[in-house]
Amino acid sequence: MKGKIEEEEEIYLKKLAQKVEESQFESTFFSQVDGKNHTHFGSVIKEIKDADENTHIVKIRPPLFLLSGILSNISRKLSGMENLKILDNKRWQAREVERIKDLHPDLFSQETEYENAFLMEKIEGEVPYEILIARDVDNDTKIDIIKKLVKALKKIHDKDLYHGEPTTQNCILGDDGDIYWIDFEIEYHEDLTDLEREARDLEQLTMSLLWAFEEEGEIGMSDKDLVELIFETYGDRDVISTFSNNPKLPLFGPHRVFQLSFVSLKRFYQVQVNLMDYLREYLD
Ligand SMILES: Nc1ncnc2c1ncn2[C@@H]1O[C@H](COP(=O)(O)OP(=O)(O)OP(=O)(O)O)[C@@H](O)[C@H]1O
Ligand SMILES: [Mg+2]
């Protein structure tokens, strides 16, 4: 016989499922945002409330996502990369939930009967990118956040877990001061060693941190010093040397073009061109 708690949980999940269903219809191909038609090529994040007024996040992959996913994977292949976006929705859903449970066991996360949607607890906090670009936040606070992000990445690597695309937007700085990683949609292929997976993550986070600043020196230090700070905070030289001159981890290439929506072309090239030099100088 089912216990009362199990029964309550079942009713609770049923009500939540109903909300997911409603969100599905609202975000198939198009929806209205601020009175304008909006086409969904990327995933759709919606906040829903359960019967007890708790807020949850439902992340949905609309049908058009497949198109952007295929384009993204073609660009990755053209760059010679083997770590690709997971296109199969069922696999994606399972992986997102599995990763959240691995990294943040106290957070609620749950697969849904819809292959293209999963549920997770809403994390109260701020997206680090928003803090890094804010004009009214002082540099010391920004530097503390940078260190926190790099340490949070090292922490998951120490548990033999990898993110895939750890950027300043794929995590949340919780109101409790912890970093919560989200958005784990890259599949790492067998041909990458553990060290290469860690290197790939660190390279991704480094680029994303540099690209958060539109001008070199905006944060009160040169890019070279910022890179050094990131590497020193990460602290594992083997990982750092793995991402220099590794054909499996290309710094340049078509796969990067997708990041251009967040950074100007000038800054995009400045970081790409100089990062190799900073790496070499750091390792010398
Ligand atoms: N559990 C959560 N709690 C609070 N905010 C969230 C949560 N999940 C997502 N968000 C917000 O939604 C944004 C986008 O989420 P996410 O990175 O998972 O999807 P995405 O980048 O749109 O997806 P994709 O890159 O797969 O197209 C985050 O930067 C964050 O602001
Ligand atoms: Mg994201």
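Let's start with Glu-124, which is partly exposed, with a relative accessible area of 46%. The model you're looking at is predicted. Its chain has 9 helices and 11 strands, and buried residues account for 49% of its 284 residues.

**Salt bridges**
- Side chains of opposite charge can pair when their charged atoms come close.
- The structure holds 19 salt bridges.
- One of them joins Glu-124 to Lys-122, at 3.9 Å from N to O.
- Lys-122 counts as partly exposed because its relative accessibility is 25%, and salt bridges with shared partners link Glu-47, Lys-122 and Glu-124 into one network.
- Arg-91 pairs up with Glu-187, their closest N and O atoms being 3.0 Å apart.
- Arg-91 sits in helix H3 and Glu-187 in strand E11, so this pair ties together parts that are 96 residues apart in sequence.
- Arg-99 and Asp-102 form a salt bridge too, at 3.3 Å from N to O, and both lie in helix H3, about one turn of the helix apart.
- Arg-99 is buried at 12% relative accessibility, whereas Asp-102 is partly exposed at 36%.

**Surface and interior**
- Glu-126, Glu-130, Asp-175, Asp-176 and Asp-178 form a negative surface patch.
- Asp-176 belongs to the loop between strands E9 and E10.
- Ile-219 is in a loop as well, between helices H6 and H7, and with 2% relative accessibility it counts as buried.

**Overall shape**
- A compact globule of 284 residues would have a radius of gyration near 19 Å, so the chain's 20 Å agrees with that.
- Along the principal axes, the C-alpha atoms fill a box of roughly 65 × 40 × 40 Å.

Conventions
Residues numbered from 1 in each chain as written. Chains lettered and ligands numbered in written order. Predicted model: local features only at pLDDT ≥ 70, side-chain atom pairs only at ≥ 80, totals over all residues. Heavy atoms only, no water. Patch = residues over 30% accessible without salt bridge, like charges linked within 9 Å, V, L, I, M, F, W, Y side chains within 5 Å. Areas by Shrake-Rupley, 256 points an atom, 1.4 Å probe, with all protein chains shown as cover. Salt bridge = Lys/Arg side-chain N within 4 Å of Asp/Glu carboxyl O. Lys, Arg positive; Asp, Glu negative; His and termini not counted. Charge placed at Lys NZ, Arg CZ, Asp CG, Glu CD. Helix = DSSP H or I, 4+ residues; strand = E, 2+ residues; numbered from the N terminus. Rg over C-alpha atoms; globule rule 2.2 N^0.38 Å. Buried < 20%, exposed > 50% of the residue type's maximum accessible area, 1.4 Å probe, protein only.
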